Amino acid sequence: MKLFLDTANVGQIREASKLGVIDGVTTNPSLIAKEGRDFKDVVKEICSIVDGPISAETVAEDSEGMFKEAIELSKIHKNIVVKIPMTAEGLKAVSRCRGAGIRTNVTLIFHPNQALLAAKAGASYVSPFVGRLDDVTEYGMDVVRRIVDIYDNYGIMTEVIVASVRNPLHVLEAAECGAHIATIPYSVLQQMIKHPLTDIGIQKFLDDWKKVPGR
Ligand code: E4P
């Protein structure tokens, strides 16, 4: 499973990319707003750090506006994937983007039928939001599992990005479901690295090493 970082913070992206485990980055308007920087500047900088798909989201609500934004965003870098919300206007824009050779990530997916439609319109990626579903007492990962099954049934090439990831269990379950990608906050990446037994083990090795004569 590929791992994307779900942030627009270039400090975190630089740090995480050194680990050699990050395959791409996803951003959204909220994550961009947190950084207080020019949108295109941030996206350009992210593209210079990670050599993989970088999602940048449109904010227009009509397909014409979305398509125009998609063209502009796709000019920033060859790795840009245009993120488009799951609406009827969004589907129209995705379909036009496919015709224009622009890759898209259909976002705010909360039901397998939405993922089916997005794939049929030509989305390169779909982003089901597991955390936000869990928040309203719906089992988010169940939606992911059903999307993966549907895509498998028909050999659909659209890749599933598990989004709205809140903890390491979400990542584990995403991998178990056979999702293609999980996009994770920097904090979850750090949680995945750590295990108390690893820390205890390191401490024991270091303590024992002090007893080795002539070290
Ligand atoms: C990524 O594509 C999404 O925009 C992001 O994962 C949403 O996460 P949140 O529900 O924690 O805001």
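Trainee: Where does Asp 23 lie?

Mentor: Asp 23 sits in the loop between H1 and strand E2 (24-26); helices (H or I, at least four residues) and strands (E, at least two) are DSSP runs, numbered from the N terminus. The model is predicted, so local features need pLDDT of at least 70 and side-chain atom pairs count only at pLDDT 80 or more, while totals for chains, interfaces and linings use all residues. Residues are numbered from 1 along each chain as its sequence is written, and side-chain values use heavy atoms, without hydrogens and water.

Trainee: Why is Asp 23 called partly exposed?

Mentor: Its relative accessible area is 31%. Buried means under 20%, exposed over 50% and partly exposed in between (1.4 Å probe, protein chains only), so with 31% Asp 23 is partly exposed.

Trainee: What does Asp 23 touch, beyond its neighbours within four places in sequence?

Mentor: Asp 23 is in contact (heavy atoms within 4.5 Å) with Lys 2, Leu 3, Phe 4, Val 50, Gly 52 and Pro 53. Val 136 is 113 residues from Asp 23 in sequence and 30 Å from it in space, C-alpha to C-alpha.

Trainee: How do you know whether Thr 7 is buried or exposed?

Mentor: Thr 7 has 5% relative accessibility, so it counts as buried. You will find Thr 7 in the loop between strand E1 (2-6) and helix H1 (10-17). Leaving out residues up to four places away in sequence, Thr 7 touches Gln 12, Ile 13, Val 25, Thr 26, Thr 27, Leu 31 and Ile 46.

Trainee: What lies 2.9 Å from the backbone nitrogen of Asn 9?

Mentor: A polar atom of the side chain of Thr 7 does. A polar contact is a pair of N or O atoms within 3.5 Å; within protein one must be able to donate a hydrogen and the other to accept it, and residues adjacent in sequence count only if both atoms are side-chain atoms.

Trainee: Which residues are around the ligand?

Mentor: They are Asp 6, Asn 28, Lys 83, Phe 129, Arg 132, Ala 163, Ser 164 and Arg 166, where near means a heavy atom within 4 Å. Oxygen atoms of the ligand lie 2.6 Å from a polar side-chain atom of Asp 6, 2.7 Å from one of Asn 28 and 2.7 Å from an N or O atom in the side chain of Ser 164.

Trainee: What makes the phi of Ser 164 worth a look?

Mentor: Ser 164 has a positive phi of about 60° although it is not a glycine. Most residues other than glycine have a negative phi. Ser 164 is in the loop between strand E7 (159-162) and helix H9 (168-177), and at 11% relative accessibility it counts as buried.

Trainee: What is the phi of Leu 108?

Mentor: That phi is positive too, near 65°. Leu 108 belongs to strand E5 (residues 104-109), and with 31% relative accessibility Leu 108 is partly exposed.

Trainee: Why is Leu 91 called buried?

Mentor: Its relative accessibility is 18%, so Leu 91 counts as buried. Leu 91 lies in helix H5. Not counting residues up to four places away in sequence, Leu 91 touches Met 86, Leu 117, Ala 118 and Ala 121.
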